[in-house]
Amino acid sequence: MRKPSGPITLDRAERIARGHACENCGEYNYKRLVVEQTPPAKRTELGETWRVTKTCGVCGQEHEMGISAQGEVVYVT
């Protein structure tokens, strides 16, 4: 397996977020998706580098998720 060369890019973080199904209905269609880099002072102990807020296009459920610098989803609320 190929080792990552460094932190993932904004584009990669967005693709990871879109590839994660809605926690409520299981759909992959989002009407709103915002990916922002987490400021160093606000990063959690989980290692969150990217913070994603998204709204499901089917059921309207809002989610927040954290993605690490290595591209792993560290939390979803």
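1. Contacts of Ser 68. In this predicted model, Ser 68 touches Ile 8, Gly 47, Thr 49, Trp 50 and Val 74, leaving aside residues up to four places away in sequence.

2. Burial of Ser 68. Is Ser 68 buried or exposed? Its relative accessible area is 5%. Buried means under 20%, so Ser 68 counts as buried.

3. The strand that holds Ser 68. Ser 68 belongs to strand S3, which covers residues 62-68. Of the seven residues of S3, five are buried, and the strand is therefore largely enclosed by the rest of the structure.

4. Pairing with S2. Strand S2 takes in residues 48-56 and runs antiparallel to S3, with seven bridges joining the two. Which residue stands opposite Ser 68? That position is taken by Glu 48.

5. The turn between S2 and S3. These two strands make a hairpin, with five residues between them. Gly 60 sits in the turn and has a positive phi of about 85°.

6. Pairing with S4. Strand S4 spans residues 73-76, and three bridges pair S3 with S4 in the antiparallel sense. Here Met 65 stands opposite Val 76 in S4.

7. The turn between S3 and S4. How many residues lie between S3 and S4 in their hairpin? There are four, and Gly 71 in the turn has a positive phi of about 95°.

8. Points to look up in the structure. Start from Ser 68 in S3, then find Glu 48 opposite Ser 68. After that, follow S3 and S4 through their hairpin and find Val 76 opposite Met 65.

Technical notes
Residues are numbered from 1 along each chain as its sequence is written. This is a predicted model: local features need pLDDT of at least 70, side-chain atom pairs count only at pLDDT 80 or more; totals for chains, interfaces and linings use all residues. Side-chain values use heavy atoms; hydrogens and water are left out. Buried means under 20% relative accessible area, exposed over 50%, partly exposed in between (1.4 Å probe, protein chains only). Contact means heavy atoms within 4.5 Å. Two strands pair if DSSP finds at least two bridges between them.
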